[in-house]
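Here is a short briefing on a structure that may be new to you. Look through the sequence and the model before reading on.

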Amino acid sequence: MNFWDALTSWAERLPNKSAVVSLTGELTYAQLAGRAQHLAHTLRELPEQRVGILANDPITMAVGFHGAALAGKTLVILDPSWPEALLHSMVSTLKCAHIMTDYSAADLHKIPATVFKISENADSPPWVAQEHPEDRELLVICTSGTTSRPKAIIRTARSWQCSVEVGAPILKATEESITLSPGSISHGLGLYSLVESIHTGGTFVGSGRWSTQGAKNLLGRLRCNRVVTVPTILDRLFADMELQQLASIRWVISGGESLSPRIVAQLRKLPAYESCVEYFGSSEHSLIAYSYRDTHEQPSDGFSGQLFPTVSVHLHDIDPVTGIGTAYVDSPFNAIGYDPQTAPSIARCNTSTSTLDQARQIGDQHIAFIRREDGMLNLNGNNVHPAEIKAVFSTLNMTEVKIHLDTVSDKPRLIAYVRSPIIDGELLREKLFEQLPVFKIPHEIVSLNSWPQGFSGKASVTTLSDDAPEILKRIQIR
């Protein structure tokens, strides 16, 4: 069933049930269907196929997504964390002549597009459907990429519908689910969990971006029984919340790196806890493999699990000793590819496309993915590639830089260690804020006169003490 038909089906059966709850309010299924249909009338009048959305509020995103789906438009997801120059550039590159938003007009007066807010008017049922080809562009979703320039991924309506319908039973997305997704609504995991929840008749609960107070507010209003997030935010939930606030959680769905034993131990303390599903996927391939996390299991250096139904993987360039090769995924969930204006084509083998990950097959339906060596970090649900940050330092002739994610303190902090003479802190701060989203900007810069050595003789910033002789200066950036 397509996304619009699923929404109106639930609106007819359960018109007064809450579909989306955010910090600004909530929408019932009937209200969501009405607003989406009202928006679709507006969108059909636009000559362009693509329309952008720039939003932090899950309510705005829910109406925008379903309105675009009904109108047969391609929804381009723009990231509110992008610096102004990057936002303007991506709007032009992705041909967004019109942008829906929940921002004030004053904040976006320089943007090269017509900006409008979604009306709160709602048409009365019956809702009118319109047939559109399932192989059309439905979404353009941007990754953080390995450079400061995002890659835009094109998804069809069929690929996302199939992913949701096949994955929902495994990921515990049902009519009874009240799903808390406390991360960004414009990133892949948050957007997917929103659409998945509505498609399956559940209630989606989200603040739109991580906020301790926002999460506390929402958990105080609803007894959420399902959480969809990444390990770093799950860790923050346990650190910042009283156990009683999480007492109704039954199912935990985690994407990204493996959960630490410390977090798994916290799950066992939840009185209603039933199961935790960790999954492996990508924006280009959606869901690939999953695993039910045993509370006594130790995390490995990668991900080992069972392939989702309808997904198959084969390997290229297999090492005869280890059996490890480059993974290619054949799946109805796969995206079309990248928008040619933002990235080269995805590597292909017939109908399969590469994840760029190394993997080892374990039987027909099980696979073990090896952790990438690109040093990607994950801070509060956001992917951070050190190369992006190092590129900014290189513009100031600082080429010896190591980026470290400090998770020892209560709040994870991004620290840049620079082997350099005393740094002009104000100039560096200005450059960082000009060229990077806020979540990629280091909290602190540590200037060193030499690299500290670990036991093996390799450079190791984790061995530094607060009074280490190698430290010249500490600069607080944010």
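**Cavities, a pocket and a helix**

The largest cavity has a volume of about 50 Å³. The model is predicted. The count comes to 2 cavities of 30 Å³ or more.

**Largest cavity**
- Val227, Leu234, Leu237, Phe238, Leu246, Ile249, Val252, Leu267 and Leu270 form its lining.
- By class, the lining of the largest cavity has 9 nonpolar residues, no polar and no charged.
- Helix α8 (residues 231-240) gives the most to this lining, with 3 residues.

**Second largest cavity**
- The volume of the second largest cavity is about 30 Å³.
- Ile77, Asp79, Trp82, Ile141, Cys142, Ser186 and His187 line the second largest cavity.
- This lining divides into 4 nonpolar, 2 polar and 1 charged.

**Second largest pocket**
- The second largest pocket has a volume of about 270 Å³.
- It is lined by 15 residues, and the closest to its centre are Arg35, Ile59, Thr60, Ile118 and Glu120.
- The lining holds 4 nonpolar, 5 polar and 6 charged residues.
- Both β2 (25-28) and α3 supply at least two residues of this lining.

**Helix α3**
- Helix α3 covers residues 58-71.
- At 1.5 Å a residue, its 14 residues should span 20 Å, and its end C-alpha atoms are 20 Å apart, which agrees.
- Helix α3 is largely enclosed by the rest of the structure, because 14 of its 14 residues are buried.
- At the start of α3, a side-chain oxygen of Asp57 comes to within 2.9 Å of the backbone nitrogen of Ile59.

Methods
Residues are numbered from 1 along each chain as its sequence is written. This is a predicted model: local features need pLDDT of at least 70, side-chain atom pairs count only at pLDDT 80 or more; totals for chains, interfaces and linings use all residues. Side-chain values use heavy atoms; hydrogens and water are left out. Helices (H or I, at least four residues) and strands (E, at least two) are DSSP runs, numbered from the N terminus. The expected span of a helix is 1.5 Å times one less than its number of residues. Buried means under 20% relative accessible area, exposed over 50%, partly exposed in between (1.4 Å probe, protein chains only). A polar contact is a pair of N or O atoms within 3.5 Å; within protein, one must be able to donate a hydrogen and the other to accept it, and residues adjacent in sequence count only if both atoms are side-chain atoms. On a 1 Å grid over the protein atoms alone, a cavity is a set of points where a 1.4 Å probe fits but cannot get out, and a pocket is an open set with protein on both sides within 12 Å along at least five of seven lines; lining residues have an atom within 4 Å of a point. Grid points are joined across faces, edges and corners, and a volume is the space filled by probe spheres set on the points. Ala, Val, Leu, Ile, Met, Phe, Trp, Tyr, Cys and Pro count as nonpolar, Asp, Glu, Lys and Arg as charged, and the others, Gly among them, as polar.
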